[in-house]
Amino acid sequence: MSPPTPPRSDSPSPLDAESPPSVPTLSLEIPIPSILQPGQPASPSLRSPSSPSSPSKAVADIPTVSSLELSYQADVEPETQIAWCRDVVYLLGRHTSLDPDAGPTKLTDASLLALVQTAVEIFDALAASCPEAQYLRATIAASGAVPGIVQHNRQQAFRDFEASAKAGFHKAWFNLGREYETCGDVGHARDCFERGVAFGVNECLYRMGVAHLVGQLDLPQNIPSGLALLARAATNPTLYTPQPAYAYALLLLGESGLANIPASSFNVILPPSTSALDEAKVHLERAAFFHYPPAQYKLALAYEFAQYPWPYDPLMSVEWYSKSGTMEAEMALSKWFLCGAEGAFEKDEGLAWVFAEKAADKGLVNAEFAMGYYCEVGVAGKKDLDKAISWYNKAATHGSDEAKGRLQALNLPTPSVLTRSEHETLTGEKLVRKRTTAKMVSDARGATTTRRPSRRVLENIRKETISEGVYPMTPPKTPSPPPASPTLLAAPQMPGRKRYSLVDPGFNSAGEAPARSPSPCPPGRRTRRRRYEPPPRKSSAPQTFAEMGIGSTTMTAPDSDKSDCVVM
């Protein structure tokens, strides 16, 4: 095989976050390759849960900078070294895109960059005897994410992927297929993907499943074959490949955007006595368990609006929005705190302001409009028409028709300013009524939640915003407790991202070295390396992370519902 010339891929546009919005349709793109080898047992934190909604844990543990610093050992066996490096590359991919030609990262975390430098030194020492070391180094080289550590060289990366695949690291077949597909060489691409399928590579199962399902890669449409492959890919999600479980759940829910797939097609692949909706629930929760933001956002929506088979549960909705961490989820949190939830938590206009401002600062048009609205009405403070007009101008520049309407109203000879009473009427008629209706529907079904988050979810959100110095008002009085339910610890934090949880600092909070999964590296001479010495820690951390999808790691968000007020 000769390396193709890889073109640069474009980023998808962000999606709106209206309520109740639709969720992202089935992506026909290919996820970033998983790093674990087929047939190789995952470490406990990476293994697919038998019940991701169990009371013990909401999401999987993930490596953090601190856990990797603590677990680094210079004088260990190669398989232990490469397992440590695998976690470093995973963490790098959570902070910046590792897609081919993604370009230099804006990452400024010197500690994480130092970990990457150490990992690359190990790759160089082990590459001749360890195909996974070649693969991991090629993943970084193809992306160009850290050119100061690994030179951006997609041609060399292709050769390393090829050598790694031929040497027995089967995940690399997906990377080779992706390179050929990008260049239009469908024959070679399909051959590589089929080799990966033969070895049970999850990414290849997913790619070939989509190809059969919709008729890609010069294949005729074959819905039964496509669904069978997608079902196989969905049954073993990991931190590296949660996307197949999410995509399969959307198919089962009928929300994939592929209208020509009859519901009867699932009958032959569903477990006995299991409905499509119940099976979708299992796979969606698995994807959310493994930190897949669209799945977490979808779960939060489902609990907010009691979308069957999920019940209405405000605390669960808030918890999953906070875990998703996207700007759309932040705007959804703002709307939760704008009016509160009866029996669960009181309104908190300070938090409503904080989350809207966070989303607006990241460029979400609806949040820019919301900030103008909050300033005009006086949410979390006094009215400020100058700031309101400034935010409305930003939103109008980005295409918000409602912002243009408010600007016209405020620029009249006698400005038509929204009053506080009008605001209360809007929240009652829009947000509160929608959620009241959702609760009534949920109660009528007799729906219950199997895992209830602790009220500490709310406490942690408030503590986090206070610690950032951005909480604009005194927290409200503690409301009366909701009906008795099991109390749980809040979810682990995601490294480098504000997870609004201060209970579990992340991977292995006890400070012990994390469990390592076996590596395909052959046992051999230990490589003695200098002891890792982390640089001075910095307080700031990046606020974006990668979605698993070819061409871009930007999360796709739901389509907007233009028929309703973007705040309500």
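The legends below describe close-up views of a predicted model. In this predicted model, local features need pLDDT of at least 70 and side-chain atom pairs count only at pLDDT 80 or more, while totals for chains, interfaces and linings use all residues. Residues are numbered from 1 along each chain as its sequence is written, and side-chain values use heavy atoms, with hydrogens and water left out.

**View 1. Helices H14 and H15 cross at roughly 160 degrees.** Helices (H or I, at least four residues) are DSSP runs, numbered from the N terminus. H14 spans residues 327-339 and H15 spans residues 349-361, and their axes come within 7 Å. Axes are lines fitted to C-alpha atoms, for helices over the stretch in contact, and angles run from 0 to 180 degrees between N-to-C directions. The two helices are therefore roughly antiparallel, a term for angles over 145 degrees. The crossing of H14 and H15 is left-handed, meaning that the near helix is turned anticlockwise from the far one by less than a right angle. Contact (heavy atoms within 4.5 Å) involves Met327, Glu330, Met331, Leu333, Ser334, Phe337 and Leu338 on H14. On H15 the contact residues are Glu349, Leu351, Ala352, Phe355, Ala356, Lys358 and Ala359. By class, this contact has 10 nonpolar, one polar and three charged residues; Ala, Val, Leu, Ile, Met, Phe, Trp, Tyr, Cys and Pro count as nonpolar, Asp, Glu, Lys and Arg as charged, and the others, Gly among them, as polar.

**View 2. Helices H10 and H11 also form a left-handed crossing.** The axes of H10 (residues 243-253) and H11 (residues 276-289) come within 8 Å and cross at roughly 155 degrees, so H10 and H11 are roughly antiparallel. H10 contributes Ala245, Tyr246, Tyr248, Ala249, Leu252 and Leu253 to the contact, and H11 contributes Ala276, Leu277, Glu279, Ala280, His283, Leu284 and Ala287. The classes here are 11 nonpolar, one polar and one charged.

**View 3. Isoleucine 269 is found in the loop between H10 and H11.** Its relative accessibility is 25%, so isoleucine 269 counts as partly exposed (from 20% to 50% relative accessible area, whereas buried means under 20% and exposed over 50%; 1.4 Å probe, protein chains only). Leaving aside neighbours within four places in sequence, isoleucine 269 is in contact with Leu227, Ala228, Ala231 and Tyr248. The C-alpha atoms of isoleucine 269 and alanine 231 are separated by 7.6 Å, although these residues are 38 residues apart along the chain.

**View 4. Phenylalanine 158 and tyrosine 180 form an edge-to-face aromatic pair.** Rings of Phe, Tyr and Trp (its six-membered ring) pair if their centres lie within 6.5 Å, and planes over 60 degrees apart count as edge-to-face. By this rule the count comes to 14 aromatic pairs. For phenylalanine 158 and tyrosine 180, the values are 5.5 Å centre to centre and 85 degrees between the planes. Phenylalanine 158 lies in helix H5 (residues 154-166) and tyrosine 180 in helix H6 (residues 172-182), so the pair ties together parts that are 22 residues apart in sequence. Both residues are buried.

**View 5. Trp336, Phe337, Phe345 and Phe355 form one aromatic cluster.** Within it, tryptophan 336 is buried at 0% relative accessibility, and phenylalanine 345 is buried at 3%.

**View 6. Serine 400 is placed in the loop between helix H17 (385-397) and helix H18 (401-410).** Serine 400 counts as buried because its relative accessibility is 8%. Apart from neighbours within four places in sequence, serine 400 is in contact with Val365, Phe369 and Ala395.

How values were computed: Angles under 35 degrees count as roughly parallel, over 145 as roughly antiparallel, 65 to 115 as roughly perpendicular and the rest as oblique. Rings of Phe, Tyr and Trp (its six-membered ring) pair if their centres lie within 6.5 Å; planes under 30 degrees apart count as stacked, over 60 as edge-to-face and the rest as tilted.
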